[in-house]
Amino acid sequence: MATCDPMLKSEFDTDPQYYLKFLTYASVGGLLVNSFGIYIILFHSPPHFKTYRWHLLNYQICSTFCDVILGLCTAPVFFLPSAVGRPTGLFVKMGVSSGHQMTVASTFLHLILAATMHMFFYRWQMVVPNGSLLKFSRKVKAIILIITYILFLTPHFILLPPTYQDQPSKRIELVEDFPNYRDIVDLPDVIIFYSKNDMALAAYMFSETLLGGFLGCGMTWFWLHTAFIFHQKGKYSNESKQLQYRKYLLNLSSQMTIPIVTILYPGSLLGLIIIFRLRNVQARMELSAPSQSSASTSTIAIICSPASGVSATP
C-alpha cells in the first residue's frame, strides 16, 4: 500500500453549510438577474438589434439553466486536491445518480461555451462589410453554428462518461494511495475520478483544453478582424465616427472578457489543483464554483451599451 503524502493529510468538511448556503443564495440571485436579462432582451431590446436579440436570448437561456443546474440542482462539494466530489442539490433528493448529474451539469457548461461563440460570431458578422468573402449567407451561418454546437458537445458526450465508470475500483485505488480519503469514499453519492492507470480523465481534460483554446482563438479573431474593419473605415471617417468605433471595440472587449473569465476560471483552477496537487485549496475551489452566475450579467451590459449599435447589417 502506498503511503499517504504528508502534504496531503487533511480533514475534509463533508457538510460545508456556509458554502452550500452561499451557493444557494448566489444561484437564486443569479436566477433573478438572468430572468431580468431575458425580460430586457424580449421587451426592451434596441430597434437595431432585430434578429441579433434572438442569438443573445439563446445565450441568456443557456446561462439561466446553467445557474439553476449548478447552484440548485447539483450543488457540488469538492474534496480536493484529488478529483473527488459529491452533489448535494435537488437532483440528489430526486434520486438522480451522481454520474448523470455530472453529465447534465457539464452539458449546460458546454452549451454556454457554444452559445458564447455563437453570439459573438453573429455580432462579428454584423460588422463585416457586404461583398466581403467573410460575409456569409444565412444558410452558411446556420451551418457554421450547427457545427459549432456539435464541436463543443460531441467530445463531452464521448469522453465524459468513461471518467466516472467503475467507481468501486476507483474507491479502492484512492484509499490505497491516500488513506485520508477513507471516510470520503463512504459518503452517499460521492463520485471519484481518480485513477493512476485510467487515462479517461486526462483525455477529457485535454479535450476541454482544446475547446477552451478554440474558443479563445475564435474570440480573438472576431475582435482583431472587427478592429481591422473599423481601422479601414476610420481612414475615411470623421473624428466623431472614429471615436464611436473605439467605444465599440472597448465595449466588445468587456463583453468578451466577462463571460470567458467567469466560465473558464473555475475549470482552470480545478485543473491546476488536480495536476499540481496544490495545498489548502478546498475552500477556495468551493467558493469559485458559483462564479458562473456573474457571466449572465454581461447580457445587460450588451443591451444597455450605447456603443452596441455602431454598424449592423441584421
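Contact here means heavy atoms within 4.5 Å. The structure is a predicted model, in which local features need pLDDT of at least 70 and side-chain atom pairs count only at pLDDT 80 or more, while totals for chains, interfaces and linings use all residues. Residues are numbered from 1 along each chain as its sequence is written, and side-chain values use heavy atoms, with hydrogens and water left out.

With neighbours within four places in sequence set aside, Ser98 is in contact with Pro87, Asp189, Val190 and Ile191. Ser98 is buried, at a relative accessible area of 11%; buried means under 20% relative accessible area, exposed over 50%, and partly exposed in between (1.4 Å probe, protein chains only).

Stepping back to the whole protein chain, its secondary structure comes to ten helices and three strands. Helices (H or I, at least four residues) and strands (E, at least two) are DSSP runs, numbered from the N terminus. From that end, the elements follow the order α-α-β-β-α-α-α-α-β-α-α-α-α. Of the 314 residues, 48% count as buried. Among contacts with a separation of 6 or more, 76% come from residues 24 or more positions apart. The accessible surface of the protein chain is about 15600 Å², and carbon and sulfur atoms account for 68% of it; the areas come from the Shrake-Rupley method with a 1.4 Å probe, and for residues only the protein chains shown count as cover.

The opening helices can be checked against their expected span, defined as 1.5 Å times one less than the number of residues. Helix α1 (residues 17–43) has 27 residues and should span 39 Å, which agrees with the 39 Å between its end C-alpha atoms. Its buried residues include Tyr19, Leu23, Ser27, Gly30, Asn34, Gly37 and Ile41. An α-helix has 3.6 residues a turn, so residues three or four places apart point the same way. After α2 comes Ala75, with a positive phi near 45°.

The three strands form an open antiparallel sheet in the order β1-β2-β3, where two strands pair if DSSP finds at least two bridges between them. At the edges are β1 (76–78) and β3 (191–192), each of which pairs on one side only. Three bridges link β1 to β2 (residues 84–87), and Val77 has Arg86 in β2 as its bridge partner.

Turning to the interior, a nonpolar core is a set of buried Ala, Val, Leu, Ile, Met, Phe, Trp, Tyr and Cys residues joined through side-chain atoms within 4.5 Å. The largest has 37 residues, of which Tyr52, Leu56, Met119, Phe152, Leu215 and Phe222 touch the most other members. Two or more residues of this core come from each of α2, α4, α5 (138–159) and α7 (200–234), and α4 gives the most, with 14 residues. Leu215 touches Leu113, Met117 and Phe152, not counting residues up to four places away in sequence. A second, separate core of 18 residues includes Val77, Leu174, Phe178 and Tyr194.

The unreviewed UniProt entry places the feature "transmembrane region" at several spans, including residues 56–79 and 210–231; such annotations may be inferred rather than shown by experiment, feature names are shortened, and positions are given in the numbering used here. Residues 56–79 are 79% helix and 12% strand, with end C-alpha atoms 36 Å apart. Residues 210–231 are 100% helix and 0% strand, and their end C-alpha atoms lie 31 Å apart.
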